[in-house]
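Grab a pencil and work through a few exercises with me. Try each task on your own before you read the solution.

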Amino acid sequence: MDFDNDIYRLYQELLKKHGNPKEYWPQWCANRKTEKLREIIAIGAILVQRSSWNNADISLRNLKSRGLLSLSAISRLKSSDELVNLIRPSGFYQTKPKRLTGFAGFVVKQSGGINKLLAEDLSITREKLLSLYGIGEETADVILLYALDKPSFVIDEYTRRLVKTLKLTNDLSYSHLKSLFENSLPKDVKIYQNYHALIIIEQRGKNASIMRKV
DNA sequence: ACCCAGGTGGCCC
DNA sequence: GGGCCACATGGG
């Protein structure tokens, strides 16, 4: 199958224009991920919600400085109070700590660790993630795609903007766009990861900030 | 002094 | 199903 459609052609154009986005996404595109790195990516996905990478990065560093940059450490906290000041730089400090502790409890206590989720069916994990407080479709898909390396395409405002500009479809709902991209592409984790990164690079320009080495 | 940044849940209809 | 709103910070 040669995937003769606009979505796939756009991917090839973006790849030609910007090159492999690996350099912009050093951690998320790592070939071999440790359990620790998968956790950091997932924690970052929650912290960056409606925030900037710069601010999420400050919070990640704060967590690291207190030995809290791991889901087991976070799940051991008696309350989310300690997290409030640490993640303040990435905003929504009343809600994001609850989201983090809820997610950490789900992974560590309910699932038996993030590596256990690697073996689980994508749609099952996705439903579980969506049931958690503060994990919506985009964050669930970011965790699936970049932390767990599952082929779940991520839709965000950049994707919507690009689709709208190019008039690829009129329905900009999450579910429709997700289906559109997934049905138009080979079911390939690397392509999904690269495509989403390329959309951000295309929309934001080459000065895109990245999550630095934590 | 604005405006934006890789959202989400709670409402309401 | 969709529309509107609060939530909070750092950088331009």
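Before we start, one definition: helices are DSSP runs of H or I with at least four residues, and they are numbered from the N terminus. Also keep in mind that you're looking at a predicted model.

**Exercise 1. Find which element gives the largest share of the surface near DNA strand B.**

Step 1: Begin with the residues. There are 21 of them around DNA strand B, and Gln-49, Gly-136, Glu-138, Thr-139 and Val-142 come nearest.

Step 2: The largest share comes from α9, with 4 residues.

Step 3: Sort the surface near DNA strand B by class, and you get 9 nonpolar, 6 polar and 6 charged residues.

**Exercise 2. Work out how the residues near DNA strand C divide by class.**

Step 1: Gather the residues around DNA strand C. There are 13, of which Pro-89, Gly-91, Phe-92, Gln-94 and Ser-173 come nearest.

Step 2: The surface near DNA strand C has 3 nonpolar, 8 polar and 2 charged residues.

**Exercise 3. Describe the two domains of chain A and how they touch.**

Step 1: Domain 1 covers 6-27 + 153-204, while domain 2 covers 35-147.

Step 2: Check the spacing, which is 24 Å between the C-alpha centres of domain 1 and domain 2.

Step 3: Look at the contact. Here 8 residues of domain 1 meet 8 residues of domain 2. The side that domain 1 brings to this contact has 5 nonpolar, 2 polar and 1 charged residues.

**Exercise 4. Decide whether α2 is parallel or oblique to α3.**

Step 1: Recall what you need. Two packed helices are described by the angle between their axes and the distance between the axes.

Step 2: Read off the geometry. Helix α2 (residues 35-47) packs against helix α3 (residues 53-65) at an angle of about 130°, and their axes are 9 Å apart.

Step 3: Apply the cut-offs. Angles over 145 degrees count as roughly antiparallel and 65 to 115 as roughly perpendicular, so with its angle of about 130°, α2 is oblique to α3.

Step 4: Name the partners. From α2 come Ile-40, Ile-43, Gly-44 and Leu-47, and from α3 come Ala-56, Ser-59 and Leu-60. By class that's 5 nonpolar, 2 polar and no charged residues.

**Exercise 5. Two helices, α1 and α10, pack on α12. Describe each crossing.**

Step 1: Take helix α1 (residues 6-18). Its axis and that of α12 come within 10 Å and cross at roughly 65°, and the crossing is left-handed.

Step 2: List who meets whom. Tyr-11, Leu-14, Leu-15 and His-18 of α1 face Ile-191, Tyr-195, Leu-198, Ile-201 and Glu-202 of α12. This contact has 7 nonpolar, 1 polar and 1 charged residues.

Step 3: Turn to helix α10 (residues 157-165). The axes of α10 and α12 come within 9 Å and cross at roughly 70°, so the two helices are roughly perpendicular to each other. The crossing of α10 with α12 is left-handed.

Step 4: Finish with the residues. Tyr-158, Thr-159, Arg-161 and Leu-162 of α10 meet Ile-199, Ile-200, Glu-202 and Gln-203 of α12. The classes here are 4 nonpolar, 2 polar and 2 charged.

Notes:
Residues are numbered from 1 along each chain as its sequence is written. Chains are lettered from A and ligands numbered from 1 in the order in which they are written. This is a predicted model: local features need pLDDT of at least 70, side-chain atom pairs count only at pLDDT 80 or more; totals for chains, interfaces and linings use all residues. Domain bounds come from an automatic or database domain assignment. Two residues are in contact if their C-beta atoms, placed from the backbone, lie within 7 Å. Ala, Val, Leu, Ile, Met, Phe, Trp, Tyr, Cys and Pro count as nonpolar, Asp, Glu, Lys and Arg as charged, and the others, Gly among them, as polar. A residue is near a molecule or strand if its C-beta atom, placed from the backbone, lies within 6 Å of it. Axes are lines fitted to C-alpha atoms, for helices over the stretch in contact, and angles run from 0 to 180 degrees between N-to-C directions. Angles under 35 degrees count as roughly parallel, over 145 as roughly antiparallel, 65 to 115 as roughly perpendicular and the rest as oblique. A crossing is left-handed if the near helix is turned anticlockwise from the far one by less than a right angle, and right-handed if clockwise.
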